[in-house]
Amino acid sequence: MTRSRWMAAAAFGTLMLAAAPAFAQQAAPATAEAAAPQSQSQPRGLSLKDLAMMERVSEPRVSPDGRQIVYAVRTTDWDGNKGVNGLWLADLNGGEPRRLAISEGGASGARWAPDGGAIYFLSSRGGSNQVWRTDAAGMAAAQVTTLPFDVSGFRIAPDGKSLVLAVSVFVDCDTLACTKTRLDERGKSTIQSYDRLPLRDFDHWVDTRRTHLFVQPLNGSGLGGGEPRDLLAGLDADVSAGDSSFDISPDGRNLVYGTQTQGAGEPFTSNSDVFRVALDGGTPVNLTEANKGSDGNPVFSPNGRQLAWLSAPRENVGGDQAAVWVADADGSSARKLTDWDRGAGGLQWRTDGRSLLVSAADEGQNRLFSVDARNGRVTPLTGTGAAGSYEEVAGVLAYAHESFVAPAQIFVHANGEPRQISRQNAEVLAQLDLPKGEAFTFAGWNDEPVQGWVFKPAGAVEGRRYPAVYLIHGGPKSPWTESFSYRWNPQTYTAAGYAVVMINFHGSPGYGQAFTDAINDHWGDRPLEDLEKGWAAALGSNPWIDGDRACALGASYGGYMVNMIAGKWNGPWRCLVNHAGVFDVPQLMNAMDIGNFIWEFGGPSWERKDVYDAFNPETYAGDWNKPMLVLHGSKDFRVPMEQGLATFSALQRQGVPSRFVHVPDENHWVLKPRTWVDWQQEILDWVGRYTAAE
């Protein structure tokens with residue numbers, strides 16, 4: 001089982017929109033916004049199938065000489081109702097990027113060999129997810145690992161002689177074969193027994209394995225050469241396979257990784273630590289034991305003399321902003337580098353070792369920043385939009401970037417200017433009218449400034465008034481950012497003729513720690529006040545919005561808020577839409593897959609019943625009277641489907657017009673492309689029924 005607990009609370013109901021960059025403190029070059037070429041035909045709005053079929057670009061990897069970039073592109077198999085992962089290669093000296101032939105079997109997670117002569121990647125073409133290898137031309141693939149079950153992530157040692165693999169095993173098994181045998185035996189029975197939490201993780205029941213890190217030797221051909229060795233043998237520890245979870249020292253002697261605190265209380269704490277272990281074996285050493293908050297994302301400096309990591313100071317405080325810490329490579333002489341009212345993520349060292357890269361939500365954007373390794377000074381590298389995955393090698397910084405009007409593309413930043421590398425989706429983008437979001441600010445709770453956006457419908461005509469949808473984000477500590485979402489994209493509503501309003505209410509990161517903390521113990525009042533005031537501000541500044549023809553839509557925490565709106569602020573709405581929302585908060589907190597999420601309410605339900613009751617939608621369900629669409633997936637263990645069933649039952653019992661849409665093969669998100677289109681069409685049909693002109 002792979003379970004990432006680093007800042008886990010932020011994963012609750014994430015409805016992140018996501019964004020091509022304008023670099024801060026300079027005029028943005030024409031290439032900085034990934035503009036679509038002009039079309040001779042009349043532009044149209046973004047259809048649901050347009051969005052489902054778009055190629056999704058991510059994970060740029062720069063070659064060791066800085067001359068090439070391999071990046072990931074997810075395409076859509078419409079008939080198969082699934083995404084297909086492939087790899088593309090771009091030569092920075094010129095020429096069009098090309099799709100590598102080895103993508104035909106599925107390929108993701110690419111990494112360059114240290115000498116640049118080969119690319120390693122993950123593929124399940126052989127029946128399970130394993131590491132494969134191709135030369136730089138990408139024409140033929142050779143299997144590197146042959147483990148009896150999936151490899152979930154990997155790194156290449158700097159000398160190219162071994163890999164570090166993330167593999168889920170049973171802690172009391174001393175061989176991979178033992179784990180395989182036990183899995184086979186368990187497969188013969190439907191009974192599963194547990195002695196401790198967790199029981200479920202997002203969309204599956206756990207099998208009590210833990211993700212360990214293994215060293216896999218490579219032979220002279222760069223393929224697997226011997227049995228992998230468990231660096232965490234016997235430890236009840238679980239390491240995420242993600243890019244930010246572990247790192248190998250430049251001399252290839254040591255590994256650092258982040259993991260959750262071990263023991264029976266693990267599900268109820270956010271405390272995690274950074275450990276260091278020798279690649280040739282030994283006992284891991286805890287480098288951050290003194291901090292009771294979340295420590296993770298450890299990275300060695302290019303010369304191997306320093307170690308940096310991210311550290312959040314408080315235990316069990318969702319949305320606690322992480323600071324950058326640095327120390328000597330052995331963890332000694334540790335010091336806090338940044339004192340910055342933003343939460344850093346995605347920590348990496350820059351090539352020269354003088355600074356580090358981080359990303360952070362920042363006033364509705366998700367920017368890329370450089371942090372001086374000596375004094376902690378933070379400098380923004382991108383302006384509007386959202387920076388995604390990034391990497392710097394040989395002085396070449398490559399990153400994915402997107403906006404409200406452009407899906408992610410790969411850019412490089414060299415010699416002071418950004419340059420767009422990828423051109424995915426150019427043909428369809430040339431046909432689309434994608435209105436830009438107009439930012440506005442108003443006085444919210446406690447008269448503090450709160451930010452939001454208003455979108456005009458595609459093809460809006462001056463003098464006409466338009467119905468509206470109010471999109472409410474999830475999390476609750478997962479803000480809207482100026483980005484291009486594949487779950488809740490405002491452009492699919494502008495295409496259908498709606499104005500769109502979105503607000504980053506109190507609790508949203510990117511506006512300072514105090515702004516984020518304001519929602520703690522106040523799920524149901526301060527954000528609701530912001531939403532009420534934000535709606536009034538949007539209508540007051542935009543008379544073309546027909547506030548009498550409007551529906552409020554939300555998912556996860558946004559669905560919770562839709563239920564609160566139904567009971568406490570249902571006047572303006574023609575209809576409501578609730579996807580994966582919350583009806584009974586005490587039941588949710590005791591049944592969801594994040595055991596320490598109760599601290600959003602300051603403690604367990606039986607100790608703080610008054611707070612739970614005050615901010616529980618069930619308390620106000622007797623006042624519901626607005627038509628509501630309820631949608632839920634059977635595999636949703638973040639907000640279990642019983643919450644949606646209870647919402648629908650309460651509506652039906654009171655004779656409120658309502659509809660329940662069951663998505664049996666989806667989790668907290670709707671991921672299959674055709675299913676996503678059908679799901680969103682249910683929403684558009686419902687909203688259209690109730691906002692039609694009378």
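Trp205 counts as partly exposed because its relative accessibility is 44%, where partly exposed is the range between buried (under 20% relative accessible area) and exposed (over 50%), found with a 1.4 Å probe and protein chains only. The model is predicted, so local features need pLDDT of at least 70 and side-chain atom pairs count only at pLDDT 80 or more, while totals for chains, interfaces and linings use all residues. Residues are numbered from 1 along each chain as its sequence is written, and side-chain values use heavy atoms, with hydrogens and water left out.

**Surface patch**

- Trp205 is found in strand β12, residues 204-205; strands (E, at least two residues) and helices (H or I, at least four) are DSSP runs, numbered from the N terminus.
- Together with Leu197, Leu199 and Phe268, Trp205 forms a nonpolar patch on the surface, with about 360 Å² of accessible area in total.
- Patches are made of residues with over 30% relative accessible area and no salt bridge, with like charges joined within 9 Å and nonpolar side chains (Val, Leu, Ile, Met, Phe, Trp, Tyr) within 5 Å.
- A salt bridge is a side-chain nitrogen of Lys or Arg within 4 Å of a carboxyl oxygen of Asp or Glu, and accessible areas come from the Shrake-Rupley method with a 1.4 Å probe, where for residues only the protein chains shown count as cover.

**Disulfides**

- A disulfide is taken here as a pair of cysteine sulfur atoms within 2.5 Å, and by this rule the count comes to two.
- Cys173 and Cys178 form a disulfide with their sulfur atoms 2.0 Å apart, and this link is left-handed, with -55 degrees about the S-S bond.
- Cys173 is buried, because its relative accessible area is 11%, whereas Cys178 counts as partly exposed at 24% relative accessibility.
- Cys551 is joined to Cys575 by a disulfide with an S to S distance of 2.1 Å, and the link is right-handed, with 115 degrees about the S-S bond.
- Cys551 lies in strand β35 (residues 545-555) and Cys575 in strand β36 (residues 575-579), so this pair ties together parts that are 24 residues apart in sequence.
- Cys551 is buried, with a relative accessible area of 0%, and Cys575 also counts as buried at 0% relative accessibility.

**Strand β20 and its partners**

- Strand β20 (residues 306-311) is largely enclosed by the rest of the structure, because five of its six residues are buried.
- Strand β19 (residues 295-300) pairs with β20 in the antiparallel sense over four bridges, where two strands pair if DSSP finds at least two bridges between them.
- Val299 has Ala308 in β20 as its bridge partner.
- The hairpin formed by β19 and β20 has five residues between the strands, and Gly304 in the turn has a positive phi of about 80 degrees.
- β20 also pairs with strand β21 (residues 323-328), in the antiparallel sense over six bridges, and there Gln306 stands opposite Asp328.

- Most residues other than glycine have a negative phi, and most peptide bonds are trans.
- Leu197 and Pro198 are joined by a cis peptide bond with omega of about 5 degrees, and Pro198 is placed in the loop between α2 (176-186) and β11 (200-201).
- Thr208 is not a glycine, yet has a positive phi of about 70 degrees; Thr208 is found in the loop between β12 and β13 (210-217).
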